[in-house]
Amino acid sequence: MANCKFCGEPAGFLRRSHKACKAGNAEGRKSVTALVQEFVSKPRHENITLLEKEITSIARNNHINVDKLKESVLEGWETAVENAFADDILDEQEEERLLAIQECFSLTQDELDQNESFTRVVKGAILRDVLNGNVPERLAIQGEMPFNLQKSESIIWLFQDVDYFTQKVQAVRVGETSGFSMRITKGLYYRTGSFQGRTIESTETVYVDNGTLGITDKHVYFSSPSTSFRIRLDKIVSFIPYEDGIGLHKDTNNAKPQTFITGDGWFTYNLIANAAQL
Ligand SMILES: [Zn+2]
């Protein structure tokens with residue numbers, strides 16, 4: 001007769017676990033996920049040690065092993081990130097609580113980024129800085145900077161693997177989002193859903209090259225094997241939002257819109273449009 005894989009006691013004829021142990025384990029894991037989520041969005045208390053105690057005791061009482069416990073905490077963390085961006089941008093408190101959970105349960109950035117949740121938190125923090133009129137100093141560039149920055153210019157973000165297009169026809173559309181937007185202190189923020197369904201149309205564009213797109217507090221830079229240029233943020237007259245990238249239109253008469261596919265229109269648009277207000 002096998003032992004129950006949860007409590008370790010004899011499980012009964014042809015059984016590998018007690019019904020009650022299995023159900024308790026599943027319930028316990030759900031509670032852990034819910035507690036983590038709740039700690040970020042509307043915590044009953046701000047005490048991470050208390051949360052750790054609650055979770056450890058649930059794990060012990062319901063025979064949740066270390067791996068499964070980590071899974072449940074991760075699930076709560078990811079959902080909490082999603083919720084934090086649902087109606088608004090990630091606020092400072094939410095960010096602090098997310099990082100407290102990361103530290104408390106020794107979760108690595110790789111673990112938290114399996115579904116890009118960690119990246120989303122970093123992006124949210126950068127957008128919050130820019131929307132508040134501050135130049136973020138969160139990006140540490142490893143290796144050589146692909147652009148020759150001016151003195152007193154700060155890099156805010158680098159997009160890798162960006163497809164660059166020019167427009168066949170001039171000024172075909174004006175950049176207006178139809179979705180939800182809100183003013184946050186100084187900036188104008190569009191939430192994720194505003195960008196859905198607006199993709200860059202290949203019939204209207206000519207592919208130029210693939211390269212790196214850099215955003216500073218003064219310019220947009222692009223660098224690829226065949227072309228390199230920079231655009232002054234204050235020379236851009238319209239920002240065209242797409243689900244997968246952005247179109248930029250300069251204020252000269254014959255300028256055609258330049259389009260960049262970054263894979264994340266939400267972040268690209270909010271970042272560049274608001275960096276231009278800095
Ligand atoms: Zn059992």
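User: How do you know that helix H1 and helix H3 cross, and at what angle and distance?

Analyst: In this predicted model, the axis of helix H1 (residues 19-41) comes within 8 Å of the axis of helix H3 (residues 66-86), and the crossing angle is roughly 35 degrees. The crossing of H1 past H3 is right-handed.

User: Which residues of H1 and H3 meet?

Analyst: On the H1 side they include Val-32, Val-36, Gln-37 and Val-40, and on the H3 side they include Leu-69, Val-73, Trp-77 and Ala-80. A contact requires C-beta atoms within 7 Å.

User: What makes Val-73 buried or exposed?

Analyst: Val-73, a residue of helix H3, has 23 other C-beta atoms within 10 Å. The cut-off for a buried residue is 20 or more, and Val-73 is therefore buried. Leaving out residues up to four places away in sequence, Val-73 touches Val-32, Val-36 and Phe-105. Val-73 and Gln-37 are 36 residues apart in sequence, but their C-alpha atoms are 8.8 Å apart in space.

User: Why is Lys-30 given the class that it has?

Analyst: Lys-30 lies in helix H1 and has 14 C-beta neighbours inside 10 Å. A residue is exposed at 12 or fewer and buried at 20 or more, with partly exposed in between, so Lys-30 counts as partly exposed. From Lys-30 to Glu-75 the C-alpha distance is 9.5 Å, across 45 residues of sequence.

User: Which residues touch the most other members of the largest nonpolar core?

Analyst: They are Trp-77, Leu-271 and Ile-272, in a core of 55 residues. This core takes at least three residues from each of domain 1 (19-115) and domain 2 (155-275). In soluble globular proteins, nonpolar side chains tend to be buried together. Beyond four places in sequence, Trp-77 touches Val-36, Leu-98, Ile-101, Leu-112 and Ser-117.

User: What makes Phe-195 buried or exposed, and where does it lie?

Analyst: Phe-195 is in the loop between strand E3 (187-190) and strand E4 (205-216). Its count is 24 C-beta neighbours inside 10 Å; the rule asks for 20 or more, so Phe-195 counts as buried. Setting aside neighbours within four places in sequence, Phe-195 is in contact with Pro-241, Tyr-242, Glu-243, Gly-265, Trp-266 and Tyr-269. The C-alpha atoms of Phe-195 and Tyr-269 are 9.3 Å apart, although the two residues are separated by 74 positions in sequence.

User: How do you know whether Thr-268 is buried or exposed?

Analyst: Thr-268, found in helix H7 (residues 265-275), has 26 C-beta neighbours inside 10 Å. With the threshold at 20 or more, the conclusion is that Thr-268 counts as buried. Apart from residues up to four places away in sequence, Thr-268 touches Gly-245, Ile-246 and Thr-262. Ile-231 is 37 residues from Thr-268 in sequence and 15 Å from it in space, C-alpha to C-alpha.

User: How does the radius of gyration of the chain stand against that of a compact globule?

Analyst: For 278 residues a compact globule would have a radius near 19 Å, but the chain has 24 Å. The C-alpha trace spans about 80 × 40 × 40 Å along its principal axes. Buried residues make up 34% of the chain.

User: How many helices and strands does the chain have?

Analyst: The chain has seven helices and nine strands.

Conventions:
Residues are numbered from 1 along each chain as its sequence is written. This is a predicted model: local features need pLDDT of at least 70, side-chain atom pairs count only at pLDDT 80 or more; totals for chains, interfaces and linings use all residues. A nonpolar core is a set of buried Ala, Val, Leu, Ile, Met, Phe, Trp, Tyr and Cys residues joined through C-beta atoms within 7 Å. Domain bounds come from an automatic or database domain assignment. Two residues are in contact if their C-beta atoms, placed from the backbone, lie within 7 Å. Helices (H or I, at least four residues) and strands (E, at least two) are DSSP runs, numbered from the N terminus. The radius of gyration is taken over C-alpha atoms; the globule rule is 2.2 Å times the number of residues to the power 0.38. Axes are lines fitted to C-alpha atoms, for helices over the stretch in contact, and angles run from 0 to 180 degrees between N-to-C directions. A crossing is left-handed if the near helix is turned anticlockwise from the far one by less than a right angle, and right-handed if clockwise.
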